[in-house]
Amino acid sequence: MNKILKQSLGYFKKNKINVVILCILTFLTSFMYFFVECSIDKNFSILNNKSSLSANEEDFLVGLNSNTVLAFVFLVCLMAVTGFIFYIFYKKDFELSRKNIGCYRALGFTNGQITRIHMEITFAIGIVFTLLGLLVGYYFSYILLDNYVVSYHIDSAVRGVSFSSFFIGVFVTSVVISLSAFIASKSYLREETATLINGQSKEMKNNIVNRGAEKVSKLMVTKYSFSSRLALRKPFNLLLVLVSVYVFLVLSVISVSLNLSSNRVYKILTDGRSYEYEVKFQENTTSYSNESAEYFLNETVKVFFDNNEIGEQELTAIDNDGSLFQLLSNNEQICVSENEIVVNQRISQVYHVNVGDIITLQSDGGLYEFVVKAVADNGRIKSVYVNRSAWNKLNGNEEGTYSGVWSKELDNQWSKGEVTSYEEYLKALDDDNVSNRVSAVINQVLGCIFGILLLSLVLLLNFQDNTQNFIYLRKMGYLRKEIKVMLVNIYFPILLIAFAVSIIPSIFTSKAILRQLSFQTGDFMPFISSVIVFVYALAVLIVLYFLVLKLFDIKLKGMLKRIDNGDYK
């Protein structure tokens, strides 16, 4: 067992930069999870133990649920990427160690013993760097805590992490990435001992890959033919390029979409509103009427569609002749008649509710079916709208019953109601959008970091594979610039192809993630994108690639200098 351990650690020692990148990826996976989770668990526990919550605390609880889903999505996605990179690392390790594996098996070591050593090393790396991610994430979670205080108007927020979150973020993550060593070893451990020692399977595989690379490279532009042939001979490196571009693109698209959706939601919730004050009463009333005001009736209802429960929504019953608040669709006012309902954009997009569909509402008065008249462009995210007169009649209320008022001026008769000025309403909207903007920044930074790390790993693997070629070409008199073009900068055309191939999958993935987040959190995160978004992402990706390439150009310069000095033979 000690021999296998020494051989494995020797491979790690020879590939220190690769191991550093793997450790950083593990750290980032843990950090992003605990950065969010440490701002949730303690506050979640405090709120759940309270007998009653204020309106701000209820909003805070919804926000915590939203961030819980976000943290889990971060963890799953980053864990998958990190596990895949470990898999590629071990795949190369086992490929280079074929003869050693054959010798170990010939000496009587079992497949389980060989695999277990690699899994234990990976698990140890996982434990160390997930714990480091926990510590750093715990410290920096104060950023989100400060954001909570501002966004939800609460007195304070505290940080803490539950045992379940600790277990998932540290132990489960370490187990998952250690499984990558087991998966990578399966194809080699199934081979016969003699085949591993002789390397026959490797030669056959290389011949197939080389023939394929030769055919594809002939289709490329002459300028990139030679470099493309070299790149195509390393299928795992190509897959890594594709994964790095795909991950970067998904995070970038989600980042921009979150930013744009913040502006869109802000516009949704300000259009069609020209009142200065909104007054809400605790009980329904008909006691007073002001001709300059407009009246509405609020009630909490459960919404069902296609035999599925959408959840609780605030039903707002309004009049069609209002001017202070108007429901709009394509900039035209929506008039709601009896047995008709207007839904918000979140319900329409998340649950695929369309005009003409049947919606069922459950209130204290019973179950009622309504036909969807329209999807309001400016409806509140958690509200549905019906005709006030028809709703009062349906529930047996006195004609003219209301529970709220929109007005240009305040009336002394409304002193018992809860008054919200339009300026306060706008400030609350702006505070609510802070969370999406923070998430957008996090996604963009994370995309850039992962892009740099994965592209660095691709070029590093290529650099290590071509060490002998650098020596040969230098001794043949080739200049650094020529060697760089032939052997280092060989992935640029592949990068562009990978970007083009990843556009459509990244759109579908981003849509699915945002829709699932909207579904789980009760928030509305519409997918918004354009050609400009992808042009921007491509520009950033190219900049990142050439920044990484510059680092390897410096590394190449140092290597060629050592070759000229006779350090390499």
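This is a predicted model: local features need pLDDT of at least 70, side-chain atom pairs count only at pLDDT 80 or more; totals for chains, interfaces and linings use all residues.

Start by selecting Phe492: at a relative accessible area of 15% it is buried (under 20% relative accessible area; exposed is over 50%, partly exposed in between, with a 1.4 Å probe and protein chains only). Residues are numbered from 1 along each chain as its sequence is written, and side-chain values use heavy atoms, with hydrogens and water left out.

Next, the rings. The structure holds 24 aromatic pairs (Phe, Tyr or Trp rings, the six-membered one for Trp, with centres within 6.5 Å; planes under 30 degrees apart are stacked, over 60 edge-to-face, the rest tilted). Pick Tyr33 and Phe34: their ring centres are 5.1 Å apart and the planes sit at 70°, so this pair is edge-to-face. Both Tyr33 and Phe34 are buried. Back to Phe492 and Tyr545, which make a tilted pair, 5.8 Å centre to centre with 35° between the planes. That pair links distant parts of the chain, 53 residues apart: Phe492 belongs to helix 18 (residues 492-521) and Tyr545 to helix 19 (residues 531-564). (Helices are DSSP runs of H or I with at least four residues, strands are runs of E with at least two, and both are numbered from the N terminus.)

Select strand 2 (residues 294-305): 9 of its 12 residues are buried, so the rest of the structure largely encloses it. What does strand 2 pair with? Strand 10 (residues 402-407) pairs with it in the antiparallel sense over 3 bridges (pairing takes at least two DSSP bridges between the strands), and here Phe296 has Gly404 as its bridge partner. Strand 3 (residues 308-318) also runs antiparallel to strand 2, joined by 9 bridges, with Asn298 opposite Thr316. These two strands form a hairpin with 2 residues between them, and Asp306 in the turn has a positive phi of about 55°. Strand 7 (residues 358-363) pairs antiparallel with strand 2 over 4 bridges; show Phe304 and its bridge partner there, Thr360.
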